[in-house]
Amino acid sequence: MKSREELLIHAAFIRQVEERIVEIYPTDLIQSPLHLSIGQESLAVGVCAHLSKQDQVFTTYRSHAYYLAKGGNVPAFFAELMGRSTGCCKGKGGSMHLADSEVNFMGTSAIVASTLPHAVGAAYANKLKGNDNLVVCVFGDGAADAGIYHESINFASLMKLPLVFVVEDNDLAVHSRKSERQAFELEIHAKSYGLSTHSLENTQDPKVVSDFMNSIYADVKSTQRPAWVRLRAFRYREHVGTGEDFDVGYRSRDEFAEWSAKDPLIGLEISEAEQARINSEIQSAIDFGISSPFPTLEDLYLDVI
Amino acid sequence: MNIPNIPEETTYASAILDCMNFAMSSNPSSVLMGQGIGDHKGIFGTTTGLAEKFGSNRVIESPIAEEMMTGFGLGTSLNGLYPIMTHIRADFSFVAMNQIVNLYAKYRYMFGGQFHPSGMIRMIVGRSWGQGAQHAQSPQSIFSHIPGIKVIMPFSAEAVLENYLYEINRADRLVISLEHRNLYDINFKVDRKKLDFENPARSRVELLGSDITIVATSIMVLEALRAATFLLERYGISAEVIDMTSTSHPDTDLIFSSVSKTGKLLVADTSWLQYGVGSEISRIICERDPSVLKAPIKVAGMENTPCPTGKTLEDMFYPSVRTLVQSALSICGEQSNDLPDGESYRDYYRKFKGPF
């Protein structure tokens, strides 16, 4: 089991990866929309800390942190963002469609709520095959607007599947608040589907999140019933792109100040040796991307059907 | 290839049931799902008894949640299952469009081949007996437009056996099969020696001819064969009839060489004309060499309206053997003073008395 220090270093590594992405984005090395995880690294690290390699994770287009937290290949990550043939998806997925089957990071989607049924199906197959693998599906509170969210949770509960739904609740679907979209209260409503529900407000510390998730995973494995988990979240950057957007009207800098005051990654003390290792890992991954070839015309037609 | 015992004569529905039974018994990872999959009607007899035989955890009665169940199927296939999903009407698949088009069809490609989602989605196309606007659509063009899906339209029991057994054994891609409801109760002879399990979804010549090529889909192959008989008997016109089998992956060489030989083309499809199968075949011919055509192309299909429910309007809505003969004669420059009965479709398929 990882210590709090190790979890913090892992989260700090992910933040530094994305801060480097922010730096290089204006160079046009990465030519695609980006949905940064900055501010939410502790959720990803906490959710993945107690998962084995065989356990499977499905997420959304805001997936950089989960890809890295699940153990996804870092050079292949940068190469993918840069559209190179050495990318984890051979340059066909990019930021919004990351996957690394080696570590059972099972796929991400740019359509809100669309990976929930995949997680339900994957868990059903696990149950039918009698293996002990856990499936985790991560999505935002906006997903609960969609019918397929309800269809998926209902069926997972009905079929008694070993599966954990994780709602990253930042109260926002792009720029609109839950109060503009939902007439129900998320957790009360989820509970009505007959699964166990859990909610955590202060998610800034990855150790707190990982302890919270660990007991839920143990419960799901022993009961073979799904769980629903709400993790409060706060994204530091704009919905899409690398900038900040506290001055455009839909949220305030005060909210950010209140949340980030509890962010242990801000001002985290990292030893010189550790920082040097992080710098070197990130730089070599970026260099790998830059020096990798672009896909060819032959690659365009590969893996269609 | 692993194949089951094949009967010498079978209905279309019974051939499907044999294939479903084979899928379940030959591969413990196969699962069936759909609304009504395990009830007493068993999807018009194509899944009857399978829930009792293989258990409700492999024959999964589905909630009325087509989009979720499609994504669920994709999820099961990521972990090694082979899902076969049935929409008792093809119209219901439109509820699942997001999962089919945005996810299932792209899951292999957009992750660079890391995953090979597989599965078969059976969709039943309704016609006659008041199916109306939401029970009679035939969406081959819509799905064939999307890369990443194999779309097939078997018109006979042989075509069902060849294609389904092949796909069930292969189990490595998404196949959508459009099954025409009016084919279900028709009895077909099966020439077991003729069955081709190596390359089943190829287009094939069902009738050799020399004067005009009729390219047809699904039940329109039977209508084209009837039209060809009439044309030969009454006018001495020899029609070559090609079954497309797959609308997403037609054998373009076969179609082009037939049209090169006859110089004339009629397309007989089960759906609307605009942006349809006829348009696609016209593109194939015109991009390769339009000079092979000695006359303008004609396409027969549904009128450009929703399907009306009442019989009088419905008869005007669908192409009939009369429409096909009339179109063929027009292409061949013949006067059409002797035509088959336009309503004969109803008589020919009179075994179908609904209700569904």
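Tutor: Chain B is assigned domain 1 (9-189) and domain 2 (204-348), bounds that come from an automatic or database domain assignment. This is a predicted model, in which local features need pLDDT of at least 70 and side-chain atom pairs pLDDT 80 or more, while totals for chains, interfaces and linings use all residues. Residues are numbered from 1 along each chain as its sequence is written, and chains are lettered from A and ligands numbered from 1 in the order in which they are written.

Student: How many residues of domain 1 of chain B are in contact with domain 2 of chain B?

Tutor: 23 residues of domain 1 of chain B are in contact with 22 residues of domain 2 of chain B, where contact requires C-beta atoms, placed from the backbone, to lie within 7 Å.

Student: What does chain B bring to chain A?

Tutor: 32 residues of chain B are in contact with 32 residues of chain A. Helix 4 of chain B gives the most to that side of chain B, with 9 residues; helices are DSSP runs of H or I with at least four residues, numbered from the N terminus.

Student: Why is B:Thr76 called buried?

Tutor: B:Thr76, which lies in helix 4 (residues 66-78) of chain B, has 29 other C-beta atoms within 10 Å. A residue is buried if 20 or more lie within that distance of its own C-beta atom, exposed if 12 or fewer, and partly exposed in between, with C-beta atoms placed from the backbone; therefore B:Thr76 is buried.

Student: Which residues of chain A is B:Thr76 in contact with?

Tutor: Leaving aside neighbours within four places in sequence, the contacts of B:Thr76 include A:Gly121, A:Tyr124 and A:Ala125.

How values were computed:
Helices (H or I, at least four residues) and strands (E, at least two) are DSSP runs, numbered from the N terminus. Two residues are in contact if their C-beta atoms, placed from the backbone, lie within 7 Å.
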